[in-house]
Amino acid sequence: MAESFSIIHFSDPHEIAQFETCSMLLDKRIIGFLNNRILRRTGHDNHDTVIKKAVDRILQEKCDLVLFTGDATSCGQKSEFDLAYEHFRPLVESSQPFLYLPGNHDCYVNNKKCREEADKFCRKMNRGKYALKDFPFVWENEKFRLLASNSCIPMPPFFSNGYMNKKTREFYKRECEKDNDGRIMISASHFPFSDPHPCLHFLHTLWGAKEVERLLKEKKIDLALCGHIHKPRAVLDERGRGEVIAGSLTGCRMLTFIEYDGKKDLITVKRLPLC
Ligand SMILES: [Fe+2]
Ligand SMILES: [Fe+2]
């Protein structure tokens, strides 16, 4: 019988875009900036307060993992990474097991400085243990195995897709063939495997992940924890196996609590509103 555990999951806080340098006029960052400052403005009121409430609440809990599935920033620039790090520093400095995965907005453009800042942020958030080059990797304890992947690459303007490369696909296949000692198998990634957006599917989908999606459907992966889509969603079977999208922390103002009951062999998902 597998042991019970709990995970706190959140995603997509999207630090408010900053006009950092004129070079952002030359790439996709200007679109991200306008999108964040104009279109999303009303949905992300009280941004700083919501993050503080979330961090304070997480620090009160005792769980087996705190998982942040990316999109810490809006345009992936130094100023935004700096703000995000200050917001989440109490978690990084706490004793809570904590894991950050990059989102597509954190790997927004090919600009060298932005890529370096994304890498630095990833390493700092993961307490010096994981930088971008270290994905994919296994994070495990005696209760569950978690496959952490990063399929975020800079995309053309107006596209929010990800691409799962061969190395990551092979990693998933290899790890799913191993003996888990009865432990629950979890996938953690920014992009969901399922159709993320019914109308704008082609702009949001994760390319290259069909074989890995099959592993989820065949229950070789028990649970996929994802972000990217800002509305929370959970598609689970009667044993709680399936896919959970956390939604945007600052847009929906909620944390997701994942609980596994080892006696019942049941995964349940609860949403905790923050205000
Ligand atoms: Fe997002
Ligand atoms: Fe995203």
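How far apart are the iron ion (ligand 1) and the iron ion (ligand 2), and which residue coordinates both? They sit 3.4 Å apart, and D71 coordinates both. This is a predicted model, where local features need pLDDT of at least 70, side-chain atom pairs count only at pLDDT 80 or more, and totals for chains, interfaces and linings use all residues; side-chain values use heavy atoms, with hydrogens and water left out. Residues are numbered from 1 along each chain as its sequence is written, while chains are lettered from A and ligands numbered from 1 in the order in which they are written.

**Iron ion (ligand 1)**

- Its protein donors are D12 (OD), H14 (NE2), D71 (OD) and H230 (NE2), lying 2.1 to 2.3 Å away. Donors here are N, O and S atoms within 2.8 Å of the metal (3.2 Å for Na, K and Ca), and water is not among the atoms, so sites may look incomplete.
- Along the chain, these donors follow the spacing D-x1-H-x56-D-x158-H.
- Helices (H or I, at least four residues) and strands (E, at least two) are DSSP runs, numbered from the N terminus.
- Why is the arrangement irregular? Because the four donor atoms subtend angles of 86 to 175 degrees. Four donors count as tetrahedral if all angles lie between 85 and 135 degrees; four count as square planar and six as octahedral if opposite donors are over 155 degrees apart and all others between 65 and 115; anything else is irregular.

**Iron ion (ligand 2)**

- D71 (OD), N104 (OD1), H190 (NE2) and H228 (ND1) coordinate this one, at 2.1 to 2.2 Å.
- The site is irregular too, with angles of 88 to 158 degrees among its four donor atoms.
- The donor spacing reads D-x32-N-x85-H-x37-H.
- D71 is in the loop between β2 and α3 and N104 in the loop between β3 and α4, so this pair ties together parts 33 residues apart in sequence.
- D71 is buried, at a relative accessible area of 1%, and N104 is buried at 6%. Buried means under 20% relative accessible area, exposed over 50%, partly exposed in between (1.4 Å probe, protein chains only).

**Helix α3**

- Helix α3 has 15 residues, yet its end C-alpha atoms are only 18 Å apart, short of the 21 Å a straight helix would reach at 1.5 Å a residue.
- There's a kink of about 40 degrees at E86, shortly before the proline P90. That bend is the angle between axes fitted to the seven residues ending there and the seven starting there.
- Buried residues in α3 include F81, Y85 and F88.

**Nonpolar cores**

- The largest nonpolar core has 51 residues, of which F10 and L99 touch the most other members. Such a core is a set of buried Ala, Val, Leu, Ile, Met, Phe, Trp, Tyr and Cys residues joined through side-chain atoms within 4.5 Å.
- Helix α3 gives the most to this core, with six residues.
- A second, separate core of 20 residues includes L147, C176, C226 and I245.

How values were computed. Expected span 1.5 Å × (residues − 1).
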